[in-house]
Amino acid sequence: MKRLFLLCFVVSGMFFFATGCAYHEQNRNIENSKKLRRDMTKAQVLKAMGEPVKDQDYSSPNVWFYYINTEWYDGLTTEDECLPLIFKNGKLAGWGWDYFEKARIQHKYGK
């Protein structure tokens, strides 16, 4: 019984630690996003924001994602939990879901 209690205590502690870290990361990314300006270079964005989400299917060299909104406490970072930053010719063209969707449509249809 003591082992079961200890296991539950450790698992719940790990959960709260992980969600606490995610909370700080999202707040940091939201605050850092206030420094963004159009035409910043990738190096300037890295300096302002830090490293983007990596190794996800939705990540690409010209669209960076930053974690800003926990939807599910499942340990995964999904596209809808992130702020997209869109680069064109190595410069920041815009950010946010409205800009991202417009850029995706323009790219798809060549407008």
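1. Phe 87 has Leu 92 in E3 as its bridge partner. This belongs to the pairing of strand E2 (residues 82-88) with E3, where four bridges join the two antiparallel strands. Helices (H or I, at least four residues) and strands (E, at least two) are DSSP runs, numbered from the N terminus, and two strands pair if DSSP finds at least two bridges between them. E2 and E3 form a hairpin with two residues between them, and Asn 89 in the turn has a positive phi of about 55°.

2. A word on the source: this is a predicted model, in which local features need pLDDT of at least 70 and side-chain atom pairs count only at pLDDT 80 or more, while totals for chains, interfaces and linings use all residues. Residues are numbered from 1 along each chain as its sequence is written, and side-chain values use heavy atoms, with hydrogens and water left out.

3. On the other flank, five bridges join E1 to E2, again antiparallel; Tyr 67 is partnered by Cys 82 of E2. The open sheet has the order E1-E2-E3. Strand E1 (63-67) and strand E3 (91-95) each have a single partner strand, so one side of each lacks a neighbour in the sheet.

4. Helix H2 (residues 42-49) lies across E1, E2 and E3, at about 5° to E1. Its Ala 48 touches Asn 32, Lys 35 and Met 40, leaving aside residues up to four places away in sequence; contact means heavy atoms within 4.5 Å.

5. Now the packing. The largest nonpolar core has eleven residues, including Val 45, Trp 64, Leu 85 and Phe 87. H2, E1 and E2 each supply at least two residues of this core. Apart from it lies another core of eight residues, among them Phe 65, Cys 82, Ile 86 and Phe 100. A core here is a set of buried Ala, Val, Leu, Ile, Met, Phe, Trp, Tyr and Cys residues joined through side-chain atoms within 4.5 Å. Six of the seven residues of E2 are buried, that is, under 20% relative accessible area with a 1.4 Å probe, protein chains only.

6. Finally, confidence: pLDDT, the predictor's confidence in each residue from 0 to 100, averages 82 for the protein, with 75% of the residues scoring at least 70. H2 is highest at 98, and helix H1 (residues 2-33) lowest at a mean of 63. Over residues 5-20 pLDDT stays under 50. Where pLDDT is low, the predicted coordinates should not be read in detail.

Technical notes. Axes fitted to C-alpha atoms, helices over the stretch in contact; angles between N-to-C directions. Buried < 20%, exposed > 50% of the residue type's maximum accessible area, 1.4 Å probe, protein only.
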